[in-house]
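Take a look at the model first, then read on.

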Amino acid sequence: MALFEQGPVPNPKASSHDEHRMTRHCYGTLAGYGLLMPQAFRAYEELWSDLGARHFRPTKFLYVTREQSDWPAATARDLDRMGIPHRPLTPAEVSEIAPMLTTDAIVDAFEADGAGELFAARITRDLADWLRRAGVEIHEHARVGAIDAETGRVETGRGYHDADLVVVAAGAWVLDLLPGQKGRLAPSRQTVLYLQPPQRLDGAWRRAPVILDGSGMRGTYVLPPAEGTRLKVGDHSFTRQGSGDDDRIATAADIATVAAAARSSFADFDDYTILEAKVCYYTVTADERFVVEPIGPAGWLMSACSGHGFKLAPLIASGLADAIAGRRSAAGIPDWAAGRGGPDR
Ligand SMILES: Cc1cc2nc3c(=O)[nH]c(=O)nc-3n(C[C@H](O)[C@H](O)[C@H](O)COP(=O)(O)OP(=O)(O)OC[C@H]3O[C@@H](n4cnc5c(N)ncnc54)[C@H](O)[C@@H]3O)c2cc1C
């Protein structure tokens, strides 16, 4: 097996590279994905066992919305089916759990189990080491210029590599290899802010759950500081601008968008210090569902995109690996990865 990566492995420009990523069973109106989450958590358990390390901090999930939304009711239905405890919260209870949030205009709020922080950069670092030990040929700084999904041929500046099958998992660069996907898959420039909270809120942040403040998949998401990582806030609205090769230098406009979203979530946002503004690209689809499908007799596209792919990556990747190895039906993979296939594999 061979892996071709245009940069180092892991690549700090990749979507998968960051201090932390949120995981949760709560998926609201993006139907189908919530019910995949028990399997996604089990897939991570297998990963921890392979890596010999557990780069995960379990927390509660706190959801707050400041406008009417179907998200809480849809999520509650999924959580009940999965047996995940959850409870509605009053604004006063939100304030007790998360005194750093403003309770202005809260319309609905709930707390749920089964969530936490995945320490992404540590995971990709250990995974790269594990792949090397497992004998995977890793070609670093080897940009793939073209693939042939009829024959399984990969072309890099260094020559050709012939394989039985090629999987394109190119993140925000996917259109360079598969331009026909333009319009369906769109790279999106996203910004997150790392923050230093005011000292008076240090303790509250250390105890804080992961937070989604918004309506549906829009709004502010917050990862509390823990285990050497910093407080991070992001804005889930997609820009659908740019491409993977663009620079990662945050502009004043990039920062202003996230700061405005954070200001409507946090009480006293101006008391926080912005330590770093980080630009990251991912690929989005109109309905936020993943695209995992055959692109020829010897090729698959795997685009685990739209800002929620990290928590599902081991599950979706092992599902595709099973299909390629003939351990499950390949025909069901596109719907399953799009959250339309039900939880059973
Ligand atoms: C700001 C931000 C916040 C997010 N928050 C969350 C979250 O809280 N929870 C969650 O579950 N998900 C989250 N996500 C989404 C998640 O990180 C992504 O869905 C996931 O990491 C995508 O992984 P990937 O392997 O598809 O892409 P990537 O990690 O980008 O990997 C693709 C790799 O392919 C390489 N490549 C591309 N083209 C070529 C080529 N031609 N030749 C050689 N190599 C090539 C790239 O260099 C890159 O290393 C977030 C993403 C961002 C950007």
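The protein chain has nine helices and 17 strands; both kinds of element are DSSP runs numbered from the N terminus, with helices being H or I over at least four residues and strands being E over at least two. The radius of gyration of the chain is 20 Å, close to the 20 Å that the globule rule gives for 345 residues, so the chain is as compact as a globular protein of that length. That radius is taken over C-alpha atoms, and the rule is 2.2 Å times the number of residues to the power 0.38. Along the principal axes, the C-alpha atoms of the protein chain fill a box of roughly 60 × 45 × 40 Å.

A word on the ground rules: this is a predicted model, where local features need pLDDT of at least 70, side-chain atom pairs count only at pLDDT 80 or more, and totals for chains, interfaces and linings use all residues. Residues are numbered from 1 along each chain as its sequence is written, and side-chain values use heavy atoms, with hydrogens and water left out.

Now the ligand. There are 27 residues around it, and E5, S16, M22, C280 and A304 come nearest; a residue counts as near if one of its heavy atoms lies within 4 Å.

| Residue | Protein side | Distance to a ligand oxygen atom |
|---|---|---|
| H308 | polar backbone atom | 3.3 Å |
| G309 | backbone N or O atom | 3.2 Å |
| F310 | polar backbone atom | 3.0 Å |

Taken alone the ligand exposes 1,000 Å², and the protein buries 91% of that; the areas come from the Shrake-Rupley method with a 1.4 Å probe. Strand 2 (21-24) and strand 15 (273-284) are the elements that give two or more residues to the shell.

On to the sheets. Strands of a sheet pair through backbone hydrogen bonds, either parallel or antiparallel. Two strands count as paired here if DSSP finds at least two bridges between them.

Strand 7 meets strand 8 (residues 153-156) over four bridges in the antiparallel sense, and D148 stands opposite R153 of strand 8.

Another open sheet of three strands has the order 10-17-16, and its pairing is mixed. Its edges are strand 10 (166-168) and strand 16 (291-296), each with a single partner strand, so one side of each lacks a neighbour in the sheet. Strand 10 and strand 17 (residues 299-303) pair in the parallel sense over three bridges, with G299 in strand 17 as the bridge partner of V166.

Most residues other than glycine have a negative phi, and most peptide bonds are trans. The V9 to P10 peptide bond is cis, with omega near -5°, and P10 is found in the loop between strand 1 (2-4) and strand 2. D268, though not a glycine, has a positive phi of about 60°; D268 is in the loop between helix 7 (252-265) and strand 15.

Key. Polar contact = N/O pair within 3.5 Å; in protein donor to acceptor, adjacent residues only side chain to side chain.
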